[in-house]
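Me: Can you walk me through this one? I'll ask as I go.

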Amino acid sequence: MSDLHAHSVSFVRTETIPQSAPPMTASGPLRWGRENLFATPANGALTLVALFAIYLILSATVPWILNGVWNAGSLSECREILNGTKGACFAVLADRWDQLIFGYSYPADEYWRPTLAFILMLVAIAPVLFFDLPRKLLIVTALFPFVAFWLIWGGTIWTPIFALVGFVVGYFVYARFVTRSFAIGFFGGIAAALATWWVSGFIVPTLAPEEPFLSSVPSRDLGGYMLNMMLGVTCVSLSLPLGIALALGRQSSMPLIKYLCVIFIEFIRGVPLITLLFVASVMLSYFFPPERTVDLFIRVVIMITMFSSAYIAEVIRGGLAALPKGQFEAADSLGLDYAQAMRLIILPQALKISIPGIVNIAVGLFKDTTLVSVISMFDIIGMIRGPILASTDWAGLYWELFLFACAVFFVVCYGISQYSQWLERRLATDHR
Amino acid sequence: MSTTTDPQGGTFRLSMLLNDSRYRSLTLQAIAAIILALAIFQLYSNLAENLRIAGLNISYAFLGTPAGYDLNQTLIDYNSQSSNLRAAFVGILNTLLVAVLGCITATVFGVIAGVLRLSNNWLVRKLMAFYVEIFRNIPVLIWIIIIFTIMTAVMPGPKLYLGAEPERELIGGLFAFTNRGIYVPAPFFTSGFGGEEGSGLNWLLVIGVLVASFFAARFVTASANAKQAETGVRPNTMYLNLAIWFVPVAIVLFILGLSWDMPDPLANRFNLRGGLQIGAPLIALWFALSIYTGAFIAENVRAGIQAVSKGQTEAASALGLRPGRTMSLVVLPQALRVIIPPLISQYLNITKNSSLAIVVGYADITATLGGITLNQTGRAIECVLLLMAFYLIISLLISMGMNVYNNAMKLKER
């Protein structure tokens, strides 16, 4: 059949031509560039403007950073080494590293303690963040607050041990009674823990040795980036349960509870954090018993926790509102009581929906810990603006220090937000 | 034959307070009320005891006494002999000033960055993502300090601009950027109310004329709409609207004798005189709040535009609408419904973050009432309470506005 036309047509191609490559302008980087950078004249102009902006930024920063001096004792020495050329003076970071990280009055021999606490924190947080890790690591997480307290503040080891004992006793009471009723177990557990702590308040002073193994460090000696970290971690972990309680309280059918929660949340959200910090620094001590002075650190933790728990409560309320009503009704029809329904059906779903919001609040809270420098606590910003810029050696040096502060905050905050996006994808169980 | 378990009515037993759902909530609320009352009583008695020990009492009389300190930037007349209350008012006006300015510029930055993040230009898209991530992830306090440092440590001193042959000329003969702030020409009226001294009445008059123009322009647009609905032909209102906006205000300004007070390099040997000085603290606070919040607004704008489904754009172009009209008639009205609520809460954030003014020494309410007045009079409780009350009122007003908007914008379902 192939030679059917052999007589009438002089040539018939019998095989297909091999495909030829597309023209250079329609493929590869040229096509990409045309579509993404120079699609229209206006677009091309925009590209040129953007290129120019990038050039301006890079030409100002790159030589400055590359030409940086890392070894010098003071600004004048640094300028001598630079000899008139443009360059950063990163020597200040090396010279004042300890102050930037630990503050200026934490005892230098004890720097290993907060460092160890930081490393332990990474271990303790890991099983909370990543579900694939062995669940046994959660023991570290449970013990971490007590160990970290002991490492950072030092003093007698019996304080954190009895604090832990209180929690353990509370848990056993809870586990014993929760089968009868959640409320009895829950409040019984709290009462048992409080009773243990009250008793240990008499025991600990008698056990405390004269020379504790770790020397005691007062809170006012804490400072630097360590202080930001401590405030951030403490307040986020404390405000999460409080925020959940507030959100549930706001949904409650009991008017007294509901309006208490509403007033608390709206009040806290209506005022800036800085006024709450003023409350912590000048006003809160009026509300404590006169014979007792409460540490500024604790007062600040109280106020920041209240602040962020109000915001977290609103995020979780959004999550609760987003759940279909059928979930609540299904829980009821299964005969679950309020606590069971919340624990097993409602909260797992509502919290999953609220993860992005909660992470946003956590990032915001961590950034807001810098505000404590306004009430003269020496966090990293307080250290830079206070002791370092006021010192004779480094007065007049700004950008290296600010760059460092920006970098440490950016790394943590960007990391957290990337984690939250990963978690959202991981937890997405709906079919898309 | 005991099949029914619930006793109907009948005897009341004490255990029913916990186990019967009819009474349980009452029990719990009673417990909560008792705990609350005990807590308030305890806090109050602590407060009374502490005040007694410190020899203090709660009194607001300090508001009437002379403040005894000077403020660098005031919108109303103020000197160190004015009362603490007046200092607080100066602070309130300054807070509102920086909040309003910040909201306007943050919206501009945010909308530009948010729209450009959706540009089909790869480089611009990445550049805007870089801007958003950098500014969102670094505390606003650091941005305020950085920009304040640029204003005070990098800008030249005013001396450079002084003398008959200055090292630097004023930019266009009008503006001077110095480490004390930016100098701009100041408008004033030669033949207005209040003579040479000038008076706020003049500006009120100008604003009143602008408001009247606004309503007149709205009337013109509405009647054009009505005519279009009736006849299908839309009258050209552009020139009429332009005239309504510009002619009356120009006439009023001419009658009042608008004139400009220029920064003068020759008036003083140490500092620039004349013109309006926008202080470095205000600029640092304003600009830092704008770019920081702008990054958040950019994300809101992007999310809002992406929330409008692509089918809407396609349907609009299927109807034959040009891209510009697709944007203004189809996409934007739907996107705004998503954008505006978070935008308003960003405005709220700007207002609250403006309390950071205290770190750069801008005289807002936190710096006057919560800072200097508090430290000088020692009236910590009163000052902090007043401060919180002010911010609370502002926040409630803004969220009331938001609720009104949300109700107006709610999807009208049948």
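What follows is a short exchange about the two chains.

Reply: Before you start, this is a predicted model, in which local features need pLDDT of at least 70, side-chain atom pairs count only at pLDDT 80 or more, and totals for chains, interfaces and linings use all residues. Residues are numbered from 1 along each chain as its sequence is written, while chains are lettered from A and ligands numbered from 1 in the order in which they are written.

Me: Fine. How many helices and strands in chain A?

Reply: Chain A has 17 helices and zero strands. Those elements are DSSP runs numbered from the N terminus, helices being H or I with at least four residues and strands being E with at least two.

Me: Is chain A spread out or compact?

Reply: Spread out: its radius of gyration is 30 Å, well over the 22 Å that the globule rule gives for 432 residues, so chain A is more spread out than a compact globule. The radius is taken over C-alpha atoms, and the rule is 2.2 Å times the number of residues to the power 0.38. The C-alpha trace of chain A spans about 115 × 80 × 40 Å along its principal axes.

Me: What share of chain A is buried?

Reply: 29% of its 432 residues count as buried. Buried needs 20 or more other C-beta atoms within 10 Å of the residue's own, exposed is 12 or fewer, and partly exposed is in between, with C-beta atoms placed from the backbone.

Me: And chain B, what does it have in helices and strands?

Reply: Chain B has twelve helices and five strands. The C-alpha trace of chain B spans about 110 × 75 × 45 Å along its principal axes, and 30% of its 414 residues are buried.

Me: Switching to the interface. How many residues does each chain put into the contact?

Reply: Chain A gives 41 residues and chain B gives 44 residues. Contact here is C-beta atoms, placed from the backbone, within 7 Å.

Me: Which helices of chain A supply at least two residues each?

Reply: H2 (41-66), H11 (255-270), H12 (273-283) and H17 (399-427) of chain A. H17(A) gives the most to that side, with seven residues.

Me: How do the residues on the chain A side divide?

Reply: Into 33 nonpolar, seven polar and one charged. Ala, Val, Leu, Ile, Met, Phe, Trp, Tyr, Cys and Pro count as nonpolar, Asp, Glu, Lys and Arg as charged, and the others, Gly among them, as polar.

Me: Stay on H17(A). Which of its residues are buried?

Reply: A:Glu400, A:Leu401, A:Ala405, A:Phe409 and A:Cys413. Their cover includes H4 (91-95), H15 (338-368) and H16 (380-390) of chain A, together with H5 (140-154) of chain B. H17(A) has 29 residues and reaches 41 Å from its first C-alpha to its last, close to the 42 Å expected at 1.5 Å a residue. The expected span is 1.5 Å times one less than the number of residues.

Me: What about H8(B), how many of its residues are buried?

Reply: 24 of its 28 residues are buried, so H8(B) is largely enclosed by the rest of the structure. H8(B) has a kink of about 30° centred on B:Gly294, the bend being the angle between axes fitted to the seven residues ending there and the seven starting there.

Me: Next, domains. What does the assignment give for chain A?

Reply: Domain 1 (1-60), domain 2 (100-164 + 221-427) and domain 3 (165-213); the bounds come from an automatic or database domain assignment. The C-alpha centres of domain 2 and domain 3 of chain A are separated by 24 Å. Their contact takes twelve residues from domain 2 of chain A and 13 residues from domain 3 of chain A.

Me: And chain B?

Reply: Chain B is divided into domain 1 (92-143 + 279-377) and domain 2 (186-260), with C-alpha centres 29 Å apart.

Me: Last one. Where is A:Ser376?

Reply: A:Ser376 is in the loop between H15 and H16 of chain A. With 10 C-beta neighbours inside 10 Å, A:Ser376 counts as exposed. A:Ser376 has a positive phi of about 50° although it is not a glycine. Most residues other than glycine have a negative phi.

Definitions and conventions
Two residues are in contact if their C-beta atoms, placed from the backbone, lie within 7 Å.
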